[in-house]
Amino acid sequence: MGVGAAAGVAAVGGFAVSAQASDGGSAKSSKSSGSSGSSGATASGALAFDKDDYTELTTTITTDDGDVEVKYHFYKSITYVTKPVDETYQSLNVSVPVEIAGKAVDATNAPILFANAVGGYMPSSVAEATGVGGGGMTGMPGGGTDTGTGSGTGTGSGTGTGSGSGEVESGGNGQLDQRGQSVSNAQLALAAGYVVVEPGARGRTLVDSDGRYYGVAPAAIVDLKAAVRYVRFNKGRIPGDTDRIVSSGTSAGGALSALLGASGDSPLYDAHLKEIGAADASDAIFASGDWCPITDLEHADMAYEWNWGANKLASGSLVDRTVSKELTAAFADYQASLKLKAKGLGTLTVRNLDEYLLKTFLEPSATKYLAALSDADRTTYLASNTFITWSGGRAAFSWADFLTHVGARKKDAPAFDAFDLSSGENNLFGKGTTKARHFTLYSLRHEGSASARLDGDLPETLKLMNPMPFLAKANPGRARHWWIRVGTKDSDTSLTVVGNLAARLENLGDDVDAAMYWDGGHGANEDAADFIKWIAKVTDHKTDHKTDHKG
């Protein structure tokens, strides 16, 4: 199975994507054949999970409570469809804990964390993973201006930190805590006794020998849905509670996690799923964990300028003022069309959206951050950030001062549908042998005639990639529990994306835990332990083991 000496640690994108996991020196296969575990899709087309085809691994995972030794069964590279386009990406890994801190664990009815590693809407593969948390995105083109959906640098592999900036390049399974250290939801979930499923998925940069782009939209969400169907199809065979699947993802992966939660069992995907031989089962999930989701792409340029339009680029220059103002003006109509409500504010429009973000997310985020500091550190921080008023244990400031505090914006205008078709999102909406297309009328008509129209397939494709339309119609198959996070200094997209998503879900009556990390950047995950506890809470899971921590 290709398990190396560092089982449990995956060096992806130049750093260990883990919560400090290391090999405990124990690895044994349950089969003498050394099978790769890819027998999930057999010659007969059956998608039955083989519970005996695993390698037993031991790893040490660092949690907030100390180091925990975990023995687990690792099922590698299981093809989750019967007619795969590319098995390198259309396969998944499963990790099942059997012993934690020396005590046996029965994960038969444990929650299942469905942790995707998509970043930049690029391909994600688990085929080379040597243990839990080892999935990673691939396929970043070298050079050029193709920046992906990450920090806009166009230089990273997606899971490393960005030049010491305290951010991940493009998301993927790279997340950073408040100390700038890598953190893995997958490994922390395993240490908590949950089953972990890590699916691969096709992505926008994949090209076949005929020059056809076979991972563009909606391939990634179709693949993730197929992977969910595989898990649910194998109820009773695969360990874990298949009715308690909780997804997680960061950046584009966060968007796809939100989309999984919003679009469960929608018939709009049926033809796509049938085409790749997905299992005949539900693709609804129980809960959705979404970090800095890069979503609502057809409205993202407008939202970005409303949020960050006054902020200069890192070069110190402002973006084209005409473009910025036109997009900002267009956002007003979109925001009004959502008809979202917020307590104490009524309908959310561009006139009160800044107040909603301030009172609901930004000031509470700053308050939590400052309250956790020592008196001396708080005094120092406030002296360096005089725009914050600290009174009665609460932080207050203006929207304009907050924008000044954030500083340089990451992206030019338009941020997503680039006029020169250079963005990762232009590539995401490519088709056939066409690498990139415009997906908004604004950019299309800016570069062409005022009467130009989007290609006929795009409206439906855009809908298949956006959770908001499914929530607008209150899709009955949606998840009812949501964990949503973003850093306040993350200008990879507008903060309105998280604000509007949370408001829509709350308007539907769903259980929503949404918050922002003060001064956090792209890929911040500063309360990972709380997410793991939240999973137990919403799934009503009671652990039957108490860990004796080392270290």
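Is Asp 283 buried or exposed? Asp 283 is buried, with a relative accessible area of 0%. By buried I mean under 20% relative accessible area; exposed is over 50%, and partly exposed is in between, using a 1.4 Å probe and protein chains only.

Two housekeeping points. This is a predicted model, where local features need pLDDT of at least 70, side-chain atom pairs count only at pLDDT 80 or more, and totals for chains, interfaces and linings use all residues. Residues are numbered from 1 along each chain as its sequence is written, and side-chain values use heavy atoms, with hydrogens and water left out.

Back to Asp 283. Its side chain meets that of Lys 225 in a salt bridge, 2.9 Å from N to O. The pair ties together parts that are 58 residues apart in sequence, because Lys 225 lies in helix H2 (residues 219-233) and Asp 283 in the loop between helix H4 (270-275) and S15. Lys 225 is buried too, with a relative accessible area of 0%. A salt bridge here is a side-chain nitrogen of Lys or Arg within 4 Å of a carboxyl oxygen of Asp or Glu. Helices (H or I, at least four residues) and strands (E, at least two) are DSSP runs, numbered from the N terminus.

Lys 225 and Asp 283 also belong to a network of salt bridges, linked with Arg 229 and Asp 270. The salt bridge count comes to 19.

Two others to show you. Asp 375 forms a salt bridge with Arg 378, with the closest N and O atoms 3.0 Å apart. Both sit in helix H8 (residues 375-384), 3 residues apart, so about one helical turn separates them. Asp 375 is exposed at 57% relative accessible area, whereas Arg 378 is buried at 14%.

Next, Asp 457 and Arg 437. Their side chains meet in a salt bridge, 2.9 Å from N to O. Asp 457 lies in the loop between helix H11 (441-447) and helix H12 (458-464), and Arg 437 in the loop between helix H10 (424-428) and H11, so the pair ties together parts 20 residues apart in sequence. Asp 457 is partly exposed, at 23%. Arg 437 is buried, at 10%.

Now the strands. How many residues of strand S20 are buried? For S20 (residues 481-487), 7 of its 7 residues are buried. Both faces are covered: His 481, Trp 483, Arg 485 and Gly 487 on one side, Trp 482, Ile 484 and Val 486 on the other.

What does S20 pair with? Strand S15 (residues 287-291) pairs with S20 in the parallel sense over 5 bridges. Pairing takes at least two DSSP bridges between two strands. Trp 291 stands opposite Arg 485 in S20. S20 also pairs in the parallel sense with strand S21 (residues 511-517), over 7 bridges. There, Gly 487 stands opposite Tyr 517.

In soluble globular proteins, nonpolar side chains tend to be buried together. Here the largest nonpolar core has 143 residues, and Val 94 and Phe 402 have the most contacts inside it. H2 gives the most to this core, with 9 residues. Leaving out residues up to four places away in sequence, Phe 402 touches Trp 308, Leu 362, Phe 387, Phe 397, Thr 488, Leu 495 and Trp 518. Contact means heavy atoms within 4.5 Å.

Note on methods. Core = buried A, V, L, I, M, F, W, Y, C linked by side-chain atoms within 4.5 Å.
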